[in-house]
Amino acid sequence: MVDGSDVVVVTAGAKQQPGQTRMELAGTNARILSSLLPALVERAPEAVFVIVTNPADVMTVVGQRVTGLPPQRIFGSGTVLDTSRLRWRLAQRAGVSTASVHADIVGEHGDTEFPLWSTATIGPVPILDWPGEEPFTSQELDRIAVEVRDAAYAVIRGKGATNLAIGVSCARIAEAVLHDERAVLPVSTVLDGVHGISGVALSVPSVVGADGAVPLARTPMTTAEEERLHASADAIRAAVDALALG
């Protein structure tokens, strides 16, 4: 039942096949969402819509354009799952609680995503300064980032689809909206000038509550990280442009 819902999580779309990138799904799934979303908005005109259909960032742009909703009310699940995987992996390696790891993945939910290592900490300690018999190295962190980025491909090869982990992540996002938590989560909204990026959706830390998701105006990044964020935005923009949306 959709009528009168406060949150609608949209997962409709073709399944990602082994070896297929999220971006390769774009054309098929754009057609599905262009037909589906206006009907959902008609049934639940006050709802916050969370787009999970892959490629989620591209589909968020599609969704915002076909519905005309304010960007804060229709956003993608973004890199919430990727960030959870990263924090779990770092916590496992450091021997601490996941709750003590503060690190985010930003950008595309896909091949151009990356962690903000410059601000990553365990408790108050910068990740590269974490003490221990085997301190973290930049090379090890790069390997962990690749493992996290490619985790979905490994799951699809192994069991044919991803479902449980993304389900948990979507439940977390919905909870933040329903309880008006104003939780800071790396969801994907259509940006308007954030880090100099406009017109495409990608993940940056955002405040998520009953009114939807509002990206933080400025998240500290190094020059190299800013460049990677813009490269990620360019990849998403190219995929959106290839759809020739009106």
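1. T67 touches L37, V41 and I74, leaving aside residues up to four places away in sequence; contact means heavy atoms within 4.5 Å. T67 belongs to helix α2, where helices are DSSP runs (H or I, at least four residues) numbered from the N terminus. At 19% relative accessibility, T67 counts as buried (under 20% relative accessible area, with a 1.4 Å probe and protein chains only). The side chain of T67 also reaches the backbone nitrogen of L69 at 3.2 Å.

2. This is a predicted model, in which local features need pLDDT of at least 70 and side-chain atom pairs count only at pLDDT 80 or more, while totals for chains, interfaces and linings use all residues. Residues are numbered from 1 along each chain as its sequence is written, and side-chain values use heavy atoms, with hydrogens and water left out.

3. Helix α2 (residues 56-67) also meets helix α7 (residues 223-242): their axes come within 9 Å and cross at roughly 55°. The axes are lines fitted to C-alpha atoms over the stretch in contact, with angles from 0 to 180 degrees between N-to-C directions.

4. Which residues of α2 meet α7? They are D57, V58, V61 and R65, and they meet I236, A239 and V240 in α7. By class, this contact has five nonpolar, no polar and two charged residues.

5. S5 lies in the segment before β1 (7-10). With 18% relative accessibility, S5 counts as buried. A polar atom of the S5 side chain lies 2.7 Å from the backbone oxygen of V2.

Key: Helices (H or I, at least four residues) and strands (E, at least two) are DSSP runs, numbered from the N terminus. Ala, Val, Leu, Ile, Met, Phe, Trp, Tyr, Cys and Pro count as nonpolar, Asp, Glu, Lys and Arg as charged, and the others, Gly among them, as polar. Buried means under 20% relative accessible area, exposed over 50%, partly exposed in between (1.4 Å probe, protein chains only). A polar contact is a pair of N or O atoms within 3.5 Å; within protein, one must be able to donate a hydrogen and the other to accept it, and residues adjacent in sequence count only if both atoms are side-chain atoms.
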